[in-house]
Amino acid sequence: MASAAERVYSLIKETVENEGVILWDVRFLKEGASWYLRVFIDKEEGISIDDCSRVSHAIDPVIDEADPIDKSYYLEVCSPGLERELIRPEHFERFIGERVKIKLYKAIDSKKEFIGILKQAGDLVVLEVDGEEMSFGFKDISKANLCDFE
């Protein structure tokens with residue numbers, strides 16, 4: 001059974017794209033006593049508050065009508081940020097040629113974190129680290145982020 005976030009992602013993807021932005025990710029999280037449905041959107045020139053507001057108004061009735069979540073929650077629409085987390089294969093594909101930080105579940109030569117230029121994406125993610133190409137299985141990556149500012 002799909003998670004609440006996956007159900008919402010599928011439900012709102014077309015509506016979000018009709019607003020001229022990309023649906024980056026959806027997360028359903030509990031913080032303190034409250035639940036949050038966070039919808040991350042993106043576009044080439046960056047996300048404005050107006051974009052967030054417009055998308056929020058567009059997706060709210062779609063989510064309400066389908067009622068995919070059985071808890072009360074706060075809906076937040078936001079940008080993935082400059083050092084955005086790369087989660088889906090299409091995220092990696094979009095940022096080939098960019099500097100990326102990858103953390104692995106299991107160490108390679110006692111190292112779990114690698115920073116380099118993203119060369120390839122797919123079943124294998126290839127980074128150029130200090131002039132050497134390193135390949136990682138997509139399933140072996142615990143976290144990946146753009147790292148433009150390190």
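Two strands are said to pair if DSSP finds at least two bridges between them. The exercises below apply this to a predicted model.

**Exercise 1. Describe the overall make-up of the chain.**

Step 1. Count the elements: there are three helices and eight strands. In sequence order they give the pattern α-β-β-α-β-α-β-β-β-β-β.

Step 2. Consider the extent. The C-alpha trace spans about 50 × 30 × 25 Å along its principal axes.

Step 3. Consider burial and surface. Of the 150 residues, 38% are buried. The accessible surface amounts to about 8,900 Å², and carbon and sulfur atoms contribute 47% of that area.

Step 4. Consider contacts across the sequence. Among contacts with a separation of 6 or more, 53% link residues 24 or more positions apart.

**Exercise 2. What is the strand order of the open three-stranded sheet, and which strands stand at its edges?**

Step 1. Identify the edges. Strand 1 and strand 3 each have a single partner strand, so one side of each has no neighbour in the sheet. On average, neighbouring strands are turned by 20° against each other, direction ignored.

Step 2. Strand 1 and strand 2 are antiparallel, with nine bridges, whereas strand 2 and strand 3 run parallel, with five bridges.

Step 3. Assign individual partners. L23 is bridged to I41 in strand 2. On the other pairing, L37 has L75 of strand 3 as its bridge partner, and R38 stands opposite E76 in strand 3.

Step 4. Helix 1 lies across strand 1 and strand 2, at about 145° to strand 1. Helix 2 also packs on the sheet, where it touches strand 2 and strand 3 and makes about 140° with the direction of strand 3.

**Exercise 3. Why is strand 2 described as largely enclosed by the rest of the structure?**

Step 1. Apply the cut-off: a residue is buried when its relative accessible area is under 20%.

Step 2. Count the residues. Seven of the nine residues of strand 2 are buried, so the strand is largely enclosed.

Step 3. Relate this to the largest nonpolar core. That core has 20 residues, of which I12, V16, V26, V39, I41 and I59 touch the most other members. Helix 1, strand 1, strand 2 and helix 2 each supply at least two residues, and helix 1 gives the most, with six.

Step 4. Take V26 as an example. Beyond its neighbours within four places in sequence, V26 contacts A5, V8, Y9, I12, L37, R38 and V39. Another core lies apart from this one; it has 19 residues, including L86, F95, V100 and L104.

**Exercise 4. Are D25 and Y73 buried or partly exposed?**

Step 1. Place the residues. D25 is in strand 1, and Y73 is in the loop between helix 2 and strand 3.

Step 2. Classify D25. Its relative accessibility is 6%, and D25 is therefore buried.

Step 3. Describe the surroundings of D25. Its side chain makes a polar contact of 3.4 Å with that of R88. Apart from neighbours within four places in sequence, D25 is in contact with Y9, R38, V39, F40, I87 and R88.

Step 4. Classify Y73. With a relative accessible area of 24%, Y73 is partly exposed.

Step 5. Describe the surroundings of Y73. Apart from neighbours within four places in sequence, Y73 contacts F28, W35, Y36, L37 and I63. The C-alpha atoms of Y73 and S34 are 6.7 Å apart, although 39 residues separate them along the chain.

Technical notes
Residues numbered from 1 in each chain as written. Predicted model: local features only at pLDDT ≥ 70, side-chain atom pairs only at ≥ 80, totals over all residues. Heavy atoms only, no water. Helix = DSSP H or I, 4+ residues; strand = E, 2+ residues; numbered from the N terminus. Buried < 20%, exposed > 50% of the residue type's maximum accessible area, 1.4 Å probe, protein only. Contact = heavy atoms within 4.5 Å. Core = buried A, V, L, I, M, F, W, Y, C linked by side-chain atoms within 4.5 Å. Polar contact = N/O pair within 3.5 Å; in protein donor to acceptor, adjacent residues only side chain to side chain. Axes fitted to C-alpha atoms, helices over the stretch in contact; angles between N-to-C directions. Areas by Shrake-Rupley, 256 points an atom, 1.4 Å probe, with all protein chains shown as cover.
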